[in-house]
Amino acid sequence: MKNLITVLLLINSFLFISYSSQACDLCGCGAGSYYLGVMPQFQKNFMGVRYRQASFDSHLGGTGNYSDLFRTQERFYATEIWARYYPTPKLQLLAFLPYQWNFQDERGNTKSLHGMADASLIAQYEILNTTTDTISQIFEHNFLIGGGIKLPTGKSNFDEEDVLQVANPNFQLGTGSTDFLLTTQYTLRYRNVGFTADASYKINTKNNENYRFGNRFSSNATLFYVKQIGKFGFMPTLGTYYEYNQKDQRENTIVFDTGGNLLNAVFGTQIYTGRFMVGINYQKPISQNLANKKIKSRDRFMIQTAFLF
């Protein structure tokens with residue numbers, strides 16, 4: 001197990017070595033986030049619901065300990081409709097429509113937001129797919145590239161004079177900007193064992209407040225194993241998740257305590273029966289440097305369901 005995690009860390013490091021360390025404003029990174037992860041493997045089309053949560057400790061000192069002032073914790077919970085559809089044999093469309101609950105805890109007081117967050121649409125074209133060859137292959141490959149758009153469907157306005165609000169762009173339900181995505185996804189399978197990796201780069205634009213979130217790069221590298229027991233198919237997964245965020249800009253000026261990187265170990269499994277899938281995913285930080293170490297990401301959790309067709 002330890003060796004497998006080491007290999008996946010090396011793969012992520014190799015793929016993204018050109019990105020240096022730098023994440024968010026002094027408030028956990030919730031606005032405009034989305035996650036691809038391991039997609040259902042047994043059918044092309046699906047529609048389902050996902051639930052995911054993440055939390056951050058903010059206003060840490062340079063040593064990683066809390067400073068005495070402004071100590072806060074941000075918690076983000078999201079339920080989203082997600083779907084994949086192939087209108088043609090080589091083109092897949094992905095859609096994510098989240099509804100989010102945000103909470104900030106500060107010295108016994110809690111501020112909150114909830115509502116529709118930013119929706120994302122992605123189109124990916126299949127460059128290589130040997131899983132549909134009429135001649136059986138020892139190794140099966142599937143490689144896609146594509147792009148998409150993130151729409152400003154989540155509220156992003158706040159009043160800095162209102163003490164009942166969290167006056168921070170990173171705490172809002174959306175970024176307030178229309179952003180663009182570049183994506184790629186590769187899957188290699190040998191009999192019941194496989195490897196899948198995806199990467200995406202989000203190009204952010206300015207919102208109406210003249211605030212631009214830093215561009216974000218994220219990737220997953222995951223090993224999986226498929227086992228059929230009776231009417232149930234089990235697919236345990238083990239991998240890593242990496243993200244890198246450039247620093248934000250406000251009126252073309254760098255926001256100092258933003259940007260950063262995060263590397264998580266990822267454990268999960270998916271269970272299939274008939275046309276239904278349910279999966280869980282747990283992430284534990286391995287290393288991080290967020291907002292000049294003034295923000296600390298905690299463990300993340302996700303559960304997902306899908307109807308396959």
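1. Arginine 50 and glutamate 80 form a salt bridge in which the closest N and O atoms are 2.6 Å apart, the term meaning a side-chain nitrogen of Lys or Arg within 4 Å of a carboxyl oxygen of Asp or Glu. The pair links distant parts of the chain, with arginine 50 in strand E1 and glutamate 80 in strand E2, 30 residues apart; strands (E, at least two residues) are DSSP runs numbered from the N terminus. Both arginine 50 and glutamate 80 are buried, where buried means under 20% relative accessible area, exposed over 50% and partly exposed in between (1.4 Å probe, protein chains only).

2. The model is predicted, and local features need pLDDT of at least 70, side-chain atom pairs count only at pLDDT 80 or more, and totals for chains, interfaces and linings use all residues. Residues are numbered from 1 along each chain as its sequence is written, and side-chain values use heavy atoms, with hydrogens and water left out.

3. The side chains of arginine 75 and aspartate 105 also meet in a salt bridge, at 2.8 Å from N to O, and this pair too links distant parts of the chain, arginine 75 lying in strand E2 and aspartate 105 in strand E3, 30 residues apart. Arginine 75 is partly exposed, with a relative accessible area of 21%.

4. Arginine 300 forms a salt bridge with glutamate 243, the closest N and O atoms being 3.9 Å apart; arginine 300 is in strand E18 and glutamate 243 in strand E12, 57 residues apart. Arginine 300 and glutamate 243 are both buried. The count of salt bridges comes to 11, and Asp118, Lys150, Asp179 and Lys202 are linked in a network of them.

5. Tryptophan 101 is found in strand E3 and is partly exposed, with a relative accessible area of 32%. Strand E3 gives the most to a nonpolar surface patch, with 4 residues. Members of such a patch have over 30% relative accessible area and no salt bridge, and nonpolar side chains (Val, Leu, Ile, Met, Phe, Trp, Tyr) are joined within 5 Å. Trp101 belongs to this patch, as do others including Met47, Ile81 and Phe309, and the patch has about 1100 Å² of accessible area together, by the Shrake-Rupley method with a 1.4 Å probe.

6. The lining of the second largest cavity has 8 nonpolar, 10 polar and no charged residues, and strand E15 gives the most to this lining, with 5 residues.

Notes. Ala, Val, Leu, Ile, Met, Phe, Trp, Tyr, Cys and Pro count as nonpolar, Asp, Glu, Lys and Arg as charged, and the others, Gly among them, as polar. Patches are made of residues with over 30% relative accessible area and no salt bridge: like charges are joined within 9 Å, nonpolar side chains (Val, Leu, Ile, Met, Phe, Trp, Tyr) within 5 Å.
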